[in-house]
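Here is a short note for a colleague who is opening this structure for the first time. Please keep the model in view while reading the points.

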Amino acid sequence: MASASLSTKAQSPVLKTYMKAPEGRYTLQYEKIHPASLLQYYHAKTISQLTIADLKEKSVAQTVTTLPAATSASSTRTVASRLLGGAGSGARALSFSGGNGTGKAACVGGKIGGSVPTTSGWTSYSSNSDYYERGTYLVFNAGDTLYISDLNSPDKDPIKSIHFGNSNPMCHAFDSKSDGHDLLIGLQNGDIYSVSFRQQLHDAGKKLIGAQHYNKDGVMTNSQCTCVAWVPDGDGVFVAGHSDGSIYVYEKGKDVTADCSFPSVKDQTQFSVAHSRSSKSNPIARWHISQGSINNLSFSTNGYLATVGRDGAYFLLSPDSYLRVFDFANEKLICGGKSYYGALLCCAWSLDGKYVLSGGEDDLVQVWSMEERKLVAWGEGHNSWVSAVAFDLHWPAPDSDETGENVVYRFASVGQDTQMLLWDLALEEIAVPLRCRTGGSPTLSSGGPPAHRDNIYSPETLQPSPSLRDVPKLSPVVAHRIHAEPLSGVIFTNESVLTICREGLIKVWIRPGRQNDEDQSATSDTAEFKDLPLFTSLSSTNSSFQQPAILLQ
């Protein structure tokens, strides 16, 4: 028995503290984790997800004051009224322009675990120190707790924990451009909360404070909230995806007690949009996407919404699963394509909105072009499900064409095989004309905005999966086993790459050239974000992250 144990231990792969890439070495700087006592108890109960909250500097003496909901409601133009074209008509398509949702009042109500204070209006508070007035923080979940860690500190332990007595947090998203409520939290029972991140840091307690409660007691759906995201330049509008195949559109700070019922879905297999009957309702719209779960969603900087999930029932051996891309403002399904096997679990956009990644249960990473509206490359390298993908928005491309546009994209993927893969997408290598199947091109929706409250779109827009022989194949430039447990997230910052496993262990990998190898472990990560948008978190509901690099064969 002793020899067998030693043999098993000898065969176990050794986790390296560095990764070799063409541009240099990524070195493990430090790790962050929640209290160790929770690890065994919450194993496999929830999947940890990671969000970066980048707080901009504010005056220490600045006092944040909010108005009672009743006062604000009468003096502030509501977003829903503008989007829906007047009280209760619901005839106009959603349209967003400018703003970040500041000045909106929120009803502080709904208890979390019986501990969130309720009040008739907002609270006021002043900062006595500037410790939480700026900086970069990590938000991650484990079990029934949401944790906050300081990215710039080498300390392993979190600086703040928020407990939820009634359900487990599953997903979260931070909006760096918003004042007031800037953090979204989705729970396993379908509840959703918006809060001020600064206000949580200033409070010494372990419960949410000043929270607004959405979908309370499953008023809209009691299915799990799988993903949340802020709408770019949406004036405080956000979306929440659920395991029943629906996405609800909300306006933060708006009363959630008004009637917000929607007509029943006529055909579970087709995409449809229903608007609220009243401009006072919240949510303001419901998008029915598919029969199965919405596993992940992501907004591009130019207004497109990508979704991935599982089409069909869970008991099916290999249900159809599609990546779908929508023109969010006009509520149009633009294009999409089918996975090769099983459900899709994650998606991510390039900074310029030209490419979107997807990954899932087929162990592959797929690259879709929005200009050609088809699959242009696929990557093979993972030995299990791909749980997350992300473009490196800070990676300097080695060269560009005569127009100055980026011709090489760097992205990453992580998976349940505990590996992180880095990929380079070289545009000159995927410019070769591809042989498309007859009828494989997407059929675009035509005409103007829909004229009815319930709008049904043809599934002909969705493409079948093309033969892999007709699509350029990618090979990773880096492939390393970096965690002992399945991975669930990956995020790029200006200084480092962050990975998280499903049990909540976070590793910070310093980029090549940022520090000398001999003192990398002693220097903190500044994590500069410049002006890049942070509307979405790295979240996917079923598995680990993955980001591909392209080398054609």
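In which strand does asparagine 296 lie? The answer comes in point 2.

1. **Basis.** This is a predicted model, in which local features need pLDDT of at least 70, side-chain atom pairs count only at pLDDT 80 or more, and totals for chains, interfaces and linings use all residues. Residues are numbered from 1 along each chain as its sequence is written, and side-chain values use heavy atoms, with hydrogens and water left out.

2. **Asparagine 296.** Asparagine 296 lies in strand β18. Helices (H or I, at least four residues) and strands (E, at least two) are DSSP runs, numbered from the N terminus. Asparagine 296 has a relative accessible area of 4%, so it is buried. Buried means under 20% relative accessible area, exposed over 50%, and partly exposed in between, with a 1.4 Å probe and protein chains only. The asparagine 296 side chain makes a polar contact: it reaches the backbone nitrogen of cysteine 347 at 3.1 Å. A polar contact is a pair of N or O atoms within 3.5 Å; within protein, one must be able to donate a hydrogen and the other to accept it, and residues adjacent in sequence count only if both atoms are side-chain atoms.

3. **Overall picture.** The protein has 5 helices and 35 strands. Of its 553 residues, 58% are buried. Take the contacts (heavy atoms within 4.5 Å) between residues at least 6 apart in sequence: 66% of them join residues at least 24 apart. The accessible surface is about 21700 Å², and carbon and sulfur atoms hold 50% of it. Such areas come from the Shrake-Rupley method with a 1.4 Å probe; for residues, only the protein chains shown count as cover.

4. **The sheet with β18.** What is the strand order of the open sheet of 5 strands? The order is β18-β19-β20-β21-β30, with mixed pairing. Its edge strands are β18 (294-299) and β30 (462-463), each pairing on one side only. Two strands pair if DSSP finds at least two bridges between them. β21 (residues 332-338) and β30 are parallel, with 2 bridges. Glycine 337 stands opposite glutamine 463 in β30. In general, strands of a sheet pair through backbone hydrogen bonds, either parallel or antiparallel.

5. **Strand β6.** Is β6 (residues 135-142) mostly covered or mostly open? It is mostly covered, with 8 of its 8 residues buried. One side carries Gly135, Tyr137, Val139 and Asn141, the other Thr136, Leu138, Phe140 and Ala142, and all are buried. Strand β3 (residues 50-55) runs antiparallel to β6, joined by 6 bridges. There, isoleucine 52 has leucine 138 as its bridge partner. Strand β7 (residues 145-150) is also antiparallel to β6, over 6 bridges. Valine 139 is partnered by isoleucine 148 in β7. The β6 and β7 hairpin has 2 residues between the strands, and glycine 143 takes a positive phi near 65°.

6. **Serine 149.** Serine 149 sits in strand β7. Its relative accessible area is 0%, so it is buried. Serine 149 and leucine 138 are 11 residues apart in sequence, yet 5.0 Å apart C-alpha to C-alpha. Leaving aside neighbours within four places in sequence, serine 149 has contacts that include Lys32, Tyr137, Phe140 and Asp157.

7. **Aromatic pairs.** The count is 18. Rings of Phe, Tyr and Trp (its six-membered ring) pair if their centres lie within 6.5 Å; planes under 30 degrees apart count as stacked, over 60 as edge-to-face and the rest as tilted. Phenylalanine 140 and tyrosine 147 are stacked, at 5.5 Å centre to centre and 25° between the planes. Both phenylalanine 140 and tyrosine 147 are buried. The pair of phenylalanine 271 and tryptophan 287 is tilted, because its planes are at 50°, with centres 5.5 Å apart. Phenylalanine 271 is in the loop between β15 (246-251) and β16 (272-275), and tryptophan 287 is in strand β17 (residues 285-288), 16 residues apart. Phenylalanine 271 and tryptophan 287 are both buried. One aromatic cluster holds Phe271, Trp287, Phe299, Phe326 and Phe328.

8. **Strands β16 and β17.** These strands pair antiparallel over 4 bridges. Serine 272 has histidine 288 in β17 as its bridge partner.
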